[in-house]
Amino acid sequence: STNYEVDMDSNAYLTLVKVNVTSSGPYVFFMEHNPSEFEGSDHYLKDYDGEDVTASATEPATASSTTSKYKLGKSKATGLAVLATFVTCLPTLVVIFVAWYTFDVNSVLFKALSGFGAGVLCAAAALHIYPEAIGMLGSIPESELG
């Protein structure tokens, strides 16, 4: 058996891993994340000719086959996700309301903090969207494709 430990290249849009398949039969890949989470326009697993290879089985196989004591219905899971989002955002909302009633809205400090906050939001959005946009446009250099 062969084990591969993959370190992603943080300077590249795409990290390629070549797996040497010497004989036909089942192969197992253990990953921390489902690779389809990171799929863009290309499938995450391809054969030698560049054709997509799909898994014949995954774990957990299906939601109905799991026996976890933490199995939640879809509506309950959605409710918990909304609750977690609210709890996470609550401290920020409290600070905003306190600042709104404490600071003079026309003060230089309030305007500076508002401008800084808006700039941070715009920068974060741009930095998260830019790599995806570049990848989806197909402007990946040939040197990174392998």
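**Surface, helices and a pocket, question by question**

Student: How much accessible surface does the chain have, and what share belongs to carbon and sulfur atoms?
Tutor: The total comes to about 13,100 Å², and 62% of that belongs to carbon and sulfur atoms. Areas here are Shrake-Rupley values with a 1.4 Å probe, and for residues only the protein chains shown count as cover. Keep in mind that this is a predicted model, where local features need pLDDT of at least 70, side-chain atom pairs count only at pLDDT 80 or more, and totals for chains, interfaces and linings use all residues. Residues are numbered from 1 along each chain as its sequence is written, and side-chain values use heavy atoms, with hydrogens and water left out.

Student: What makes the pattern of the chain α-α-α?
Tutor: The chain has three helices and zero strands, so reading from the N terminus gives α-α-α, with helices (H or I, at least four residues) and strands (E, at least two) taken as DSSP runs numbered from that end.

Student: Why is Ala99 called buried?
Tutor: Buried means under 20% relative accessible area, exposed means over 50%, and partly exposed is in between (1.4 Å probe, protein chains only). Ala99 has 18%, so it counts as buried. This residue lies in helix H1, and its C-alpha is 8.3 Å from that of Phe110, 11 residues away along the chain.

Student: Which class does Cys89 fall in, and which does Cys122?
Tutor: Cys89 has 36%, so it is partly exposed, while Cys122 has 54%, so it is exposed.

Student: How do you know how many disulfides there are?
Tutor: A search of the whole structure for cysteine sulfur pairs within 2.5 Å finds zero disulfides.

Student: What makes the second largest pocket a pocket, and what lines it?
Tutor: On a 1 Å grid over the protein atoms alone, a pocket is an open set of points with protein on both sides within 12 Å along at least five of seven lines, and lining residues have an atom within 4 Å of a point. The lining includes Ala99, Trp100, Phe103 and Phe110. H1 (74-102) and H2 (108-136) each supply at least two lining residues, and H1 gives the most, with five.

Key:
On a 1 Å grid over the protein atoms alone, a cavity is a set of points where a 1.4 Å probe fits but cannot get out, and a pocket is an open set with protein on both sides within 12 Å along at least five of seven lines; lining residues have an atom within 4 Å of a point.
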